[in-house]
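Subject: The structure for you to look at

Hello,

Here is the structure I promised to pass on.

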There are 4 protein chains.
Amino acid sequence: MSAQRSAQPAPGKSAPDSTRRSEKSRRAIYDAALALVVEVGYPKTTIEGIAARAGVGKQTIYRWWSSKADVLMEAFLDLAERSQQEASAEPVSYTFPDTGDIAADLKTVLRATVDELRDPRFEAPSRALAAEGVVNEQLGRELVAKLLQPSLDLYMDRLRAAQAAGQVREGLDLRIALEFFISPLAQRWLQHTGPISHEYTDTLVDYALHGLAPR
Amino acid sequence: MSAQRSAQPAPGKSAPDSTRRSEKSRRAIYDAALALVVEVGYPKTTIEGIAARAGVGKQTIYRWWSSKADVLMEAFLDLAERSQQEASAEPVSYTFPDTGDIAADLKTVLRATVDELRDPRFEAPSRALAAEGVVNEQLGRELVAKLLQPSLDLYMDRLRAAQAAGQVREGLDLRIALEFFISPLAQRWLQHTGPISHEYTDTLVDYALHGLAPR
Amino acid sequence: MSAQRSAQPAPGKSAPDSTRRSEKSRRAIYDAALALVVEVGYPKTTIEGIAARAGVGKQTIYRWWSSKADVLMEAFLDLAERSQQEASAEPVSYTFPDTGDIAADLKTVLRATVDELRDPRFEAPSRALAAEGVVNEQLGRELVAKLLQPSLDLYMDRLRAAQAAGQVREGLDLRIALEFFISPLAQRWLQHTGPISHEYTDTLVDYALHGLAPR
Amino acid sequence: MSAQRSAQPAPGKSAPDSTRRSEKSRRAIYDAALALVVEVGYPKTTIEGIAARAGVGKQTIYRWWSSKADVLMEAFLDLAERSQQEASAEPVSYTFPDTGDIAADLKTVLRATVDELRDPRFEAPSRALAAEGVVNEQLGRELVAKLLQPSLDLYMDRLRAAQAAGQVREGLDLRIALEFFISPLAQRWLQHTGPISHEYTDTLVDYALHGLAPR
DNA sequence: CCGTAAGCGAGACGGTACGTCTTGTCTTGTG
DNA sequence: CACAAGACAAGACGTACCGTCTCGCTTACGG
């Protein structure tokens with residue numbers, strides 16, 4: 001992904017030949033990066049440390065990625081992909097449950113999200129990336145596009161179905177409606193403004209749907 | 001503020017005597033820190049740089065603050081205080097408008113918030129601190145307590161008044177209700193998930209109040 | 001001594017009033033300086049360390065001395081004076097033995113010198129001062145004048161007496177003759193070019209007197 | 001030389017690979033160190049200053065040397081080697097003149113030594129190293145072994161030849177005899193106890209040989 | 001005998017250098 | 001030619017001292 005960026009002409013520097021890239025090194029770097037972020041935290045995770053732990057030369061990292069955040073982002077995307085493939089038969093894309101009961105479906109998904117946000121394997125790198133994205137707009141947008149947007153699209157689809165089924169008022173901007181479910185949880189998690197739990201997301205769904213329901 | 005922290009026993013290191021602290025240096029450090037964050041960004045803002053720009057020895061920074069984030073947080077709190085005092089007759093505390101129309105009042109305040117989030121003087125340090133808070137829970141909580149909570153309390157008061165006036169349904173958890181106004185804006189700003197504008201926050205208020213209104 | 005230097009007009013800075021000087025502080029500073037040089041070595045002996053150990057403000061040191069070497073020099077002179085007063089009835093000045101046998105007398109004195117050079121109470125500060133004097137000519141000359149010269153004068157007197165008694169050839173430059181006894185020992189001690197012992201100095205005396213004896 | 005020291009196991013820190021060492025940096029560091037010692041004096045010569053002047057990172061100094069004194073010692077040894085190679089056809093070792101007249105030969109060599117001690121290119125670093133050696137026994141012994149001993153050996157050889165030729169008494173300890181020529185000059189130079197000149201060393205030779213001559 | 005001006009302990013201050021750590025580039029061999 | 005290894009220039013880190021500068025507090029003197 002970053003390799004795509006690097007594959008751009010990159011004036012003056014001839015781009016590396018990605019066909020000869022060592023898959024073993026890539027894996028080792030991902031693993032080292034994620035492990036270090038979990039163990040010592042993002043700020044103390046250094047490129048040198050990743051290289052040493054991965055048994056890789058520093059140049060191998062600089063050749064393929066442009067920054068520590070870039071490494072971590074790819075490592076995390078890879079982690080997310082792999083753990084999805086574990087969890088589901090379908091290779092790449094999540095599916096959003098559709099039992100016909102929009103409230104129940106949203107609660108199910110949000111409960112799963114809460115669990116994920118609390119899983120320490122995910123929490124450390126997610127926070128690190130989120131923090132980086134707050135300050136670095138380019139990386140932030142990339143994160144949103146690659147990590148967040150796919151999920152949001154599934155929500156949107158489900159909400160559209162609910163709207164078609166008359167469970168959500170006509171004419172609503174679903175992008176904004178969606179935020180009533182997502183953003184409060186996001187903010188509590190990002191800014192430590194409150195505890196997150198299944199009860200909390202359930203309440204969120206109830207309150208928000210109340211406002212979205214047809215009159 | 002940091003002085004209060006430093007006033008804790010601080011085992012092994014005798015705490016500095018805050019009565020002899022140089023006010024001039026403190027001011028110069030605040031100004032330098034804020035200016036540098038705006039000019040070169042948070043990661044490239046260094047303690048050495050702040051010291052040099054403030055015309056101050058590094059030790060004077062390390063004596064009174066524990067980290068770059070700590071310096072910036074106090075500098076920002078100080079900035080916030082000063083710009084409030086400029087803006088209002090009342091010395092320290094904001095007031096939340098209460099025209100009797102909860103929708104209008106919320107829109108007013110949120111529009112002001114949008115303006116503030118876009119003011120470059122505020123944006124750079126706020127983002128830096130927010131990012132730091134995402135990753136560093138202790139600092140995150142401190143930020144929330146000192147910067148966010150006072151504002152949230154004013155929202156809560158206003159919502160309670162609206163509830164008393166019958167504009168908001170009885171029995172609602174206002175802390176959660178509040179998040180419908182605050183969190184979507186916060187997330188859009190923090191994560192660059194969407195544009196923020198007066199129109200957006202107006203819509204937010206309309207949608208959210210719809211769900212909170214009495215049946 | 002340094003007070004005498006400081007008592008010079010010192011343009012711009014009014015000289016401190018030495019009549020009001022705290023004797024207790026001076027003593028404490030001497031003791032601290034000597035103890036630290038013995039314990040941690042000269043380079044790691046700092047003015048701050050001396051002040052802290054002496055329970056004295058830094059300014060009290062800077063008021064009366066111009067440098068670490070200056071403090072140590074006075075402290076050492078004081079030590080030398082005190083240990084002389086212990087050792088002899090006569091208050092200040094050494095005496096050089098005169099048994100009529102120049103060889104025996106020189107051997108006696110040089111043996112005592114060897115013992116002193118090996119006394120750890122003296123060795124650390126002496127080396128420190130000597131080293132400083134190698135590099136800092138002004139201090140070096142001061143050291144020679146105050147510490148070395150008085151002893152050398154006694155040697156000269158004794159050699160003159162020996163010359164009068166016909167034990168040393170007429171017409172010799174005694175200042176140079178003297179160096180045959182003193183310098184080899186000095187060099188061995190200063191530069192670690194060889195071991196120093198009573199046997200060594202005895203041999204030195206024998207060899208040297210051989211060259212100085214009348215033909 | 002330091003590389004040899006560094007080649008010791010050096011527990012915990014893997015030793016740097018001296019085959020990849022930058023010769024250019026080494027030269028630049030030597031030059032900078034010597035120049036700074038001459039220009040600003042040893043105490044004001046800092047590692048940072050050397051690095052800056054040599055256009056070298058500080059780490060490059062710390063990688064190969066353990067202290068300022070260590071750098072200077074190697075720089076000085078290198079200087080000494082280079083200026084010997086300039087002066088003589090024979091690559092490394094000095095030669096001591098042997099005209100058959102021991103007095104004349106000693107005077108020649110000592111006059112040359114006096115000239116060297118007064119050459120400002122040599123004086124500043126020599127004094128700095130000598131001073132360091134007074135206080136730091138390990139470094140002192142290293143200095144003696146590497147700088148002084150080779151010269152002393154040549155003296156010894158010459159004295160042995162003189163002894164064989166009947167110009168010096170049998171049975172004398174030549175190591176001690178040697179000191180009559182060397183040490184007085186050394187002390188005058190080190191401790192500023194007297195002026196040094198060709199006349200002085202000539203006298204020294206005359207007086208000392210007098211005592212060493214056969215009866 | 002009382003104020004006032006020193007010396008004093010304390011320690012904050014603007015600085016400089018320390019020795020360490022990391023960055024991103026470059027170089028040297030190996031596979 | 002990608003790679004592991006790691007030397008290199010650069011520069012920030014947090015610490016230790018430097019020498020100067022207030023602070024209050026004795027402490028002795030001089031009006």
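First, the ground rules. This is a predicted model, in which local features need pLDDT of at least 70, side-chain atom pairs count only at pLDDT 80 or more, and totals for chains, interfaces and linings use all residues. Residues are numbered from 1 along each chain as its sequence is written, chains are lettered from A and ligands numbered from 1 in the order in which they are written, and side-chain values use heavy atoms, with hydrogens and water left out.

**Chain C with chain D**

Chain C and chain D each bring 38 residues to their contact (heavy atoms within 4.5 Å). About 3,800 Å² is buried between chain C and chain D, and carbon and sulfur atoms give 63% of that area. Buried area here is the accessible area (1.4 Å probe) that two parts lose on being put together, summed over both. On the chain C side, C:Val134, C:His192 and C:Tyr207 supply 20% of the area buried against chain D, more than any other three residues.

Two salt bridges are counted between chain C and chain D, a salt bridge being a side-chain nitrogen of Lys or Arg within 4 Å of a carboxyl oxygen of Asp or Glu. D:Arg188 and C:Glu179 form a salt bridge through their side chains, at 2.7 Å from N to O. There are also 16 residue pairs in polar contact between chain C and chain D, both residues at pLDDT 80 or more. A polar contact is a pair of N or O atoms within 3.5 Å; within protein, one must be able to donate a hydrogen and the other to accept it, and residues adjacent in sequence count only if both atoms are side-chain atoms.

Which elements of chain C give two or more residues to the side that touches chain D? They are helix 7 (120–135), helix 8 (137–164), helix 9 (174–191) and helix 10 (198–212) of chain C. Helices (H or I, at least four residues) and strands (E, at least two) are DSSP runs, numbered from the N terminus. Helix 9 of chain C gives the most, with twelve residues. By class, this side of chain C has 18 nonpolar, eleven polar and nine charged residues. For the classes, Ala, Val, Leu, Ile, Met, Phe, Trp, Tyr, Cys and Pro count as nonpolar, Asp, Glu, Lys and Arg as charged, and the others, Gly among them, as polar.

**Chain B with chain A**

Between chain B and chain A, 38 residues of chain B are in contact with 38 residues of chain A. The two chains bury about 3,800 Å² between them, with 63% of it on carbon and sulfur atoms.

The rule finds two salt bridges across the interface of chain B and chain A. A:Glu179 and B:Arg188 meet in a salt bridge at 2.7 Å, N to O. Polar contacts between chain B and chain A come to 16 residue pairs. Helix 9 of chain B supplies the largest share of the side that touches chain A, twelve residues.

**DNA strand F**

DNA strand F is surrounded by 41 residues, and the closest are A:Ser22, B:Lys58, B:Tyr62, C:Lys58 and C:Gln59. A residue is near a strand if one of its heavy atoms lies within 4 Å of it. A side-chain N or O atom of C:Gln59 is 2.2 Å from a base nitrogen of DNA strand F. The surface near DNA strand F divides into nine nonpolar, 14 polar and 18 charged residues.

**DNA strand E**

Around DNA strand E there are 42 residues, the closest being A:Glu48, A:Lys58, A:Gln59, C:Asp17 and D:Arg20. Sugar and phosphate make up 62% of the atoms of DNA strand E that come within 4 Å of the protein. From chain D, a polar side-chain atom of D:Gln59 lies 2.7 Å from a base nitrogen of DNA strand E. D:Tyr62 has a polar side-chain atom 2.7 Å from a phosphate oxygen, while a polar backbone atom of D:Glu48 is 2.8 Å from a phosphate oxygen. Helix 4 of chain B gives the largest share of the surface near DNA strand E, five residues.

Best wishes
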